Amino acid sequence: TADSYLGEVKGVLVSTAPGATLIDITHQVPPGDVRAGQFLLDRVWRGFPRGTVHFVVVDPGVGTARRAIAAEAEGSLFVATDTGLLSPLPPPPETKFVALPVPETAAPTFHGRDVFAPAAARLAGGVLLEQLGRPITDPYRSPLPSPRFDGVGWTGEVLYIDRFGTLVTNLPAERVEPGVRIRVGGTDVGPLRRTFGDVERGQLVAFAGSGGSVEVAVRDGSAARLLGVGGGAEVRA
């Protein structure tokens, strides 16, 4: 949102599909962080109505041989880079995938505007997935890691850090028994609480996040900064 790029992409969308409703999920995915983009897509896509076109571009390989793809799953449509972003979707044949052509006129460093936006707009205008490109059955898949149970407790990791510095983990809160203490790295965070106000200002708090997984925050602060950890940090319960 700081540069012209988003406006240029939206210009293509509203010019090609003038009746479409545009909803911004986020433009704050860390540059090139495919896993963060994948996590956010997995969190939100089923909350939109059938027929929604999800425009998902996190593209560290823009202009290279990586494929541009589109997909259809459970009545929803997607355009994305073939970098694992669409791994949350069911695998083929439940999900249909096509490889999108890249026009010779496309700017090598701006496929969001010149490849993905036109494809998304055409889907929004009613063009069938099969009309956009060549069917494929081998999209690159890189599913988010799953927690492990070792007979004593659960081990998972931090999947995402939100703008508040909250650590979002892959541990399902429903699997954490009452009173079990949460540890991030070597730090004891304590048992699951209900909300931030259950601890004093500046203290760590673990809770069941709105997405159903264990999250770790600092009341009125940043857990990521206090603990000095990032994505991939070990979490135990």
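User: In strand β8, which residue is the bridge partner of Val158?

Analyst: This is a predicted model. Within β8, Val158 is partnered by Thr169.

User: Which residue takes a positive phi in the hairpin of β7 and β8?

Analyst: This hairpin has 5 residues between its strands.

User: How many residues of strand β7 are buried?

Analyst: Strand β7 spans residues 154–161, which makes 8 residues. Buried means under 20% relative accessible area. The strand is mostly covered, with a buried count of 7.

User: In β7, what is the bridge partner of Phe149?

Analyst: Strand β6 holds residues 148–149. It joins β7 through 2 bridges, and the pair runs antiparallel. In β7, the partner of Phe149 is Trp154.

User: Which residue in β13 does Gly156 stand opposite?

Analyst: Strand β13 consists of residues 234–236. β7 and β13 pair over 3 bridges in the antiparallel sense. Gly156 faces, in β13, Val235.

User: How many strands does the protein have?

Analyst: Helices and strands are both present in this protein. The helices number 4. The strand count is 13.

User: What percentage of the protein's residues is buried?

Analyst: The protein has 237 residues. A residue counts as buried when its relative accessible area is under 20%. Buried residues make up 43%.

Note on methods. Residues are numbered from 1 along each chain as its sequence is written. This is a predicted model: local features need pLDDT of at least 70, side-chain atom pairs count only at pLDDT 80 or more; totals for chains, interfaces and linings use all residues. Side-chain values use heavy atoms; hydrogens and water are left out. Buried means under 20% relative accessible area, exposed over 50%, partly exposed in between (1.4 Å probe, protein chains only). Two strands pair if DSSP finds at least two bridges between them.
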